[in-house]
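Hi there,

Here is the structure I promised to pass on to you. Have a look at it first, and then read my notes below.

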Amino acid sequence: IKQVVKQMFYIIGAVTLNNLLLRKDMCSWSKGMQIRYNVSQLEEWLRDKNLMNSGAKETLEPLIQAAQLLQVKKKTDEDAEAICSMCNALTTAQIVKVLNLYTPVNEFEERVLVSFIRTIQVRLRDRKDSPQLLMDAKHIFPVTFPFNPSSLALETIQIPASLGLGFISRV
């Protein structure tokens with residue numbers, strides 16, 4: 001169950017982040033708030049179902065950080081430093097794309113200045129991350145099966161002659 005939930009949450013996060021990165025109408029302060037609220041509902045569901053240790057919450061981290069990026073101030077060097085330290089689950093390309101797409105929806109918000117985006121790029125230039133913009137929505141986590149050792153000792157097992165396994169010898 002934990003593995004299935006983790007896979008489902010990864011797909012939810014990847015598809016949502018990819019849509020955010022491809023749609024200008026998704027990159028606003030209010031959409032960031034809406035996404036963060038929806039993710040918190042998913043986190044609460046995990047807590048209610050006692051699945052917090054399934055790894056599902058961690059798969060949502062890029063989406064959480066993108067939503068936070070939409071909500072933080074984007075003007076000063078201190079803001080740039082905060083963004084660079086906060087967005088460690090996003091690639092540089094993803095951070096820059098969100099900042100470029102950011103669209104004010106009311107008079108209290110402003111577009112992100114090109115100089116601010118350049119500051120972010122300079123601060124992140126030494127980061128060793130993928131140039132990939134979109135998340136792989138088809139990524140599948142490996143399935144693991146827990147090992148449950150048998151309480152029977154192998155040397156006590158009798159192999160029936162009817163199986164025709166006489167060539168097996170006990171060591």
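**What I found**

The largest nonpolar core has 38 residues, and Leu 17, Leu 20, Ile 95, Leu 99 and Ile 120 have the most contacts inside it. Such a core is a set of buried (under 20% relative accessible area, 1.4 Å probe, protein chains only) Ala, Val, Leu, Ile, Met, Phe, Trp, Tyr and Cys residues joined through side-chain atoms within 4.5 Å. At least two core residues come from each of α1 (2-22), α2 (29-48), α4 (61-71), α5 (77-86), α6 (92-101) and α7. Helices here are DSSP runs (H or I, at least four residues), numbered from the N terminus. With seven residues, α1 gives the largest share of this core.

A word on the source: this is a predicted model, where local features need pLDDT of at least 70 and side-chain atom pairs count only at pLDDT 80 or more, while totals for chains, interfaces and linings use all residues. Residues are numbered from 1 along each chain as its sequence is written, and side-chain values use heavy atoms, leaving out hydrogens and water.

Now for the segment after α7 (114-124), where you will find Leu 165 and also Ile 140. Is Ile 140 buried or exposed? Ile 140 counts as exposed (over 50%) because its relative accessible area is 64%. Ile 140 and Ser 162 lie 22 residues apart in sequence, and their C-alpha atoms are 43 Å apart in space.

Enjoy exploring!
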